[in-house]
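Thank you for passing this model along for comment. My remarks follow as numbered points, to be read beside the sequence and the coordinates.

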Amino acid sequence: NNVTVSGVLTHAANSNINASTITQSLFRLIYQVNGNLIVNTTGNIHANEKGYPSGFGPGGGATTTSGSPGGSHGGLGGYGSDAAASPVYDDLVFPYLPGSGGGNRSCCTGVGHGGGVVILTVTGNSTLSGTIGVNGRSSSDSNSGPGAGGSILLITSGLSGSGTTTAQAGWYTSGVGRAGGGGGGRISIWC
């Protein structure tokens, strides 16, 4: 059965994670297509800003009074003036984990969520004219770290089209501060 995506396909945000629930199941978009996958120019498969919340995840940034680090994932988050970034993680070949959240300044919460996870297994060919994105959330507070990019894993018999795949870290939307930037995510495509 062929699948055509002309609108938005996404998963729920991983927003209710805290210290006691960090090991519970995470939301991910995992989809198997037994045929061809067509993502039209208006198609958007994404899990932008739907990864680990601020300060959480294997590469989560620490909360500080000023200058928190960005979240890490495939790339190392930037060091903040008050704390170092956490190490990179996840499988290079078969990435499956969300991006970590950036560190919050002690006054602010919910700033830099990481990107989520999109795993697509396609038995036929994939035509990508739209987008697949798992970008981290940007930070509006220049002293709180942005989130890291998430994970895209695409396994397909063939790939064509001029669409885009992105696992970008968040950035700052205002000012120059003391926080570190987010780290990039992971994209793995098997044809």
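1. How many helices and how many strands are there in the protein chain? The model, which is a predicted one, has zero helices and 10 strands in the protein chain, and the pattern read along the sequence is accordingly β-β-β-β-β-β-β-β-β-β.

2. On the chain as a whole, buried residues make up 51% of the 191 residues. Among the contacts with a separation of 6 or more, 75% are accounted for by residues 24 or more positions apart.

3. One group of strands deserves a description of its own: four strands form an open sheet in the order β2-β5-β7-β9, and the pairing is parallel. Its edge strands are β2 (8–9) and β9 (164–166), each of which pairs on one side only. Within this sheet, β5 and strand β7 (residues 131–133) are joined in the parallel sense over three bridges, and asparagine 44 stands opposite threonine 131 in β7.

4. Five bridges join β3 to β6, and the two run parallel; here glutamine 32 stands opposite threonine 121 in β6. Strand β4 (residues 37–39) also pairs with β6 in the parallel sense, over three bridges, with leucine 128 in β6 as the bridge partner of valine 39.

5. Continuing from β6, nine bridges join this strand to strand β8 (residues 151–160), again in parallel. Leucine 120 has leucine 154 in β8 as its bridge partner, while threonine 121 stands opposite isoleucine 155 in β8. Threonine 121 therefore has glutamine 32 opposite it as well as isoleucine 155 in β8, if one follows the general rule that strands of a sheet pair through backbone hydrogen bonds, either parallel or antiparallel. From β8 the pairing passes to β10, to which β8 is joined by five bridges, the two strands running parallel; isoleucine 155 has tryptophan 190 in β10 as its bridge partner.

6. Which residues form the aromatic pair, and how are their rings arranged? The count comes to one aromatic pair, formed by phenylalanine 94 and tryptophan 190, which are stacked at 5.5 Å centre to centre with 5° between the planes. Phenylalanine 94 lies in the loop between β5 and β6, whereas tryptophan 190 belongs to strand β10 (residues 186–190), so the pair ties together parts that are 96 residues apart in sequence. Phenylalanine 94 has a relative accessible area of 41% and is therefore partly exposed, falling between the limits of 20% and 50%. Tryptophan 190 likewise counts as partly exposed, at 41% relative accessibility.

7. Beyond its neighbours within four places in sequence, valine 111 is in contact with Ser54, Asn104, Arg137, Ser138, Ser139, Ser140 and Ser144. One of these, arginine 137, is 26 residues from valine 111 in sequence and 7.5 Å away in space, C-alpha to C-alpha.

8. Which residues line the largest cavity? A search of the whole structure finds one cavity of 30 Å³ or more, and the largest cavity has a volume of about 30 Å³. The lining consists of Val3, Val5, Leu9, Tyr31, Val33, Leu37, Ile45 and Leu120, which divide into eight nonpolar, no polar and no charged residues. Both β1 (3–5) and β3 (29–33) supply at least two residues of this lining. Leu120, one of the lining residues, is also the residue whose bridge partner in β8 is leucine 154.

Technical notes. Residues numbered from 1 in each chain as written. Predicted model: local features only at pLDDT ≥ 70, side-chain atom pairs only at ≥ 80, totals over all residues. Heavy atoms only, no water. Pairing = 2+ DSSP bridges. Phe/Tyr/Trp six-rings, centres within 6.5 Å; stacked < 30°, edge-to-face > 60°. Buried < 20%, exposed > 50% of the residue type's maximum accessible area, 1.4 Å probe, protein only. 1 Å grid on protein atoms, 1.4 Å probe; cavity = no way out; pocket = protein on both sides within 12 Å on 5 of 7 lines; lining within 4 Å. Points joined across faces, edges and corners; volume = space filled by probe spheres on them. Nonpolar A, V, L, I, M, F, W, Y, C, P; charged D, E, K, R; others polar. Contact = heavy atoms within 4.5 Å.
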